[in-house]
Amino acid sequence: MNCYFYAHIDGQNPEGEAAIVKQYTEKNRLVITQTVTDSDNIKSNWADRKIGQIIKTGKPGDTIIVFEAAQIACSTSQMLDFLAKASESKINIYFVKYNAQINNQSESTKTVDLLAIIGQIESDFISKRTTQ
């Protein structure tokens, strides 16, 4: 299981996020086998950063744990592209901040659940744009 952290988002506390992720993984009995920290420019497309390499080299059944969507993409369209690639690769995604998971192992992820997650992500993106 991979845990992905983006290192440089203004106003965020990486140590605090790491502690929250640790609590989340313990509560949900998830075992992190690799932690990846990325410091490339967040405005670069996700596919050109370390998270892109994780998706490209991942195997069906792998899992990526990320604190929030803003660590992966800076727009909803990029996030949808990321989620589509994860789905194609059958890689599961956990978003700690939203207490949400996308299980790409089956077709059981409901559209309503996915739209709820996207709604939370879009709300975060809007909030970040208005505070920057």
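Helices (H or I, at least four residues) and strands (E, at least two) are DSSP runs, numbered from the N terminus. With that in hand, let's walk through the model.

This is a predicted model, in which local features need pLDDT of at least 70 and side-chain atom pairs count only at pLDDT 80 or more, while totals for chains, interfaces and linings use all residues. Residues are numbered from 1 along each chain as its sequence is written, and side-chain values use heavy atoms, with hydrogens and water left out.

**Two positive phi angles**

Most residues other than glycine have a negative phi. Arg 29 has a positive phi of about 55° although it is not a glycine, and this residue is found in the loop between α1 (14-27) and β2 (34-38). Lys 90, in the loop between α3 and β4 (92-95), also shows a positive phi, near 60°. For accessibility, buried means under 20% relative accessible area, exposed over 50%, and partly exposed in between (1.4 Å probe, protein chains only). Arg 29 counts as exposed at 77%, and Lys 90 is partly exposed at 33%.

Helix α2 spans residues 50-57, and its buried residues are Ile 51, Gly 52, Ile 54 and Ile 55. Seen down the axis of α2, these fall within an arc of 160°, so they line one face of the helix; the arc is that of the directions from the helix axis to the C-beta atoms. Lys 56 and Thr 57 are exposed on the other side of α2.

Which residues does Phe 82 touch, not counting those up to four places away in sequence? Taking contact as heavy atoms within 4.5 Å, they are Trp 46, Ile 51, Ile 55, Ile 72 and Ile 93. Phe 82 itself lies in helix α3 (residues 76-88) and is buried, with a relative accessible area of 0%.

**Aromatic pairs**

Rings of Phe, Tyr and Trp (its six-membered ring) pair if their centres lie within 6.5 Å; planes under 30 degrees apart count as stacked, over 60 as edge-to-face and the rest as tilted.

| Pair | Centre distance | Plane angle | Type |
|---|---|---|---|
| Tyr 24 and Tyr 94 | 6.3 Å | 75° | edge-to-face |
| Phe 95 and Tyr 98 | 5.7 Å | 55° | tilted |

Tyr 24 lies in helix α1 and Tyr 94 in strand β4, so their pair ties together parts that are 70 residues apart in sequence. Tyr 24 and Tyr 94 are buried, and Phe 95 and Tyr 98 are buried too.
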